[in-house]
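Hi everyone, thanks for making the time. Let me put the structure up on the screen, and then we can walk through a few parts of it together.

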Amino acid sequence: YEPTVGQMHMNGSVATTISVSAGLDYDMTGLQNIFNLGRMRMVSRKQIQSKLDDIIECSGLAQFIHLPVRTYSQGMVARLMFAVTTAFEADILIMDEWLSAGDADFQEQARARMTEFINRAKIVVVATHDFHLARVVCNKVCALGGGRIGFLGTTDEWAKWIEAGQQPMYAKSA
């Protein structure tokens, strides 16, 4: 989205897990979509090819990779998108919650892969309701309510604030 007020300047490559199916062509195969998604992130065909085995293994879709994505379950789509998103380096990672698709084994693999990916990113923005995740992943918190800022500060300040039972006081919009 474009900002409604002010300006935003971004310098670096961006990866996102906000929209599970952004950029997918459901009539194309999983393999074709891997190449399309990579190209959308400005990754060369050679780089995509070099990560192909990793993406397919991470997604767990080897036996389905040549089928149209329209035949995939939502969980399969989420795993494909997750595998592609985390296969290539990104300076900025924008996430909505954490990955929730797949069985327990995939969840554990995804958690480890995401932690590694986050550690390589320079900036990580996470939208979450998970207090523990925010404490582990974030160094700053912006708590929102009704489109207004209720708290803005360090994660430690926010944790103390929440633990003290404080409720956000939402700033009036200008």
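Let's begin at A143, which stands opposite F151 in β5. Please keep in mind that this is a predicted model. The two strands here are β4, residues 140-145, and β5, residues 148-154; they run antiparallel and are joined by 6 bridges. Together β4 and β5 make a hairpin, with 2 residues between them.

Now on to the helices. How do α3 and α4 cross? Helix α3 covers residues 74-87 and helix α4 covers residues 104-120; their axes come within 10 Å and cross at roughly 30°. Angles under 35 degrees count as roughly parallel, so α3 and α4 are roughly parallel to each other. The crossing of α3 past α4 is left-handed.

Which residues meet there? On the α3 side we have R79, F82, A83, T85, T86 and A87, and they meet F106, A110, R113, M114, F117 and R120 in α4. Sorted by type, the residues of this contact are 7 nonpolar, 2 polar and 3 charged.

One last stop, still in helix α3: M76. Is M76 buried or exposed? Its relative accessibility is 13%, under the 20% cut-off, so M76 counts as buried. Leaving aside neighbours within four places in sequence, M76 is in contact with L61 and F64. For the F64 pair, the separation is 12 residues in sequence, and the C-alpha to C-alpha distance is 9.3 Å.

That's my tour, so over to you for questions!

Technical notes. Residues are numbered from 1 along each chain as its sequence is written. This is a predicted model: local features need pLDDT of at least 70, side-chain atom pairs count only at pLDDT 80 or more; totals for chains, interfaces and linings use all residues. Side-chain values use heavy atoms; hydrogens and water are left out. Axes are lines fitted to C-alpha atoms, for helices over the stretch in contact, and angles run from 0 to 180 degrees between N-to-C directions. Helices (H or I, at least four residues) and strands (E, at least two) are DSSP runs, numbered from the N terminus. Angles under 35 degrees count as roughly parallel, over 145 as roughly antiparallel, 65 to 115 as roughly perpendicular and the rest as oblique. A crossing is left-handed if the near helix is turned anticlockwise from the far one by less than a right angle, and right-handed if clockwise. Contact means heavy atoms within 4.5 Å. Ala, Val, Leu, Ile, Met, Phe, Trp, Tyr, Cys and Pro count as nonpolar, Asp, Glu, Lys and Arg as charged, and the others, Gly among them, as polar. Buried means under 20% relative accessible area, exposed over 50%, partly exposed in between (1.4 Å probe, protein chains only). Two strands pair if DSSP finds at least two bridges between them.
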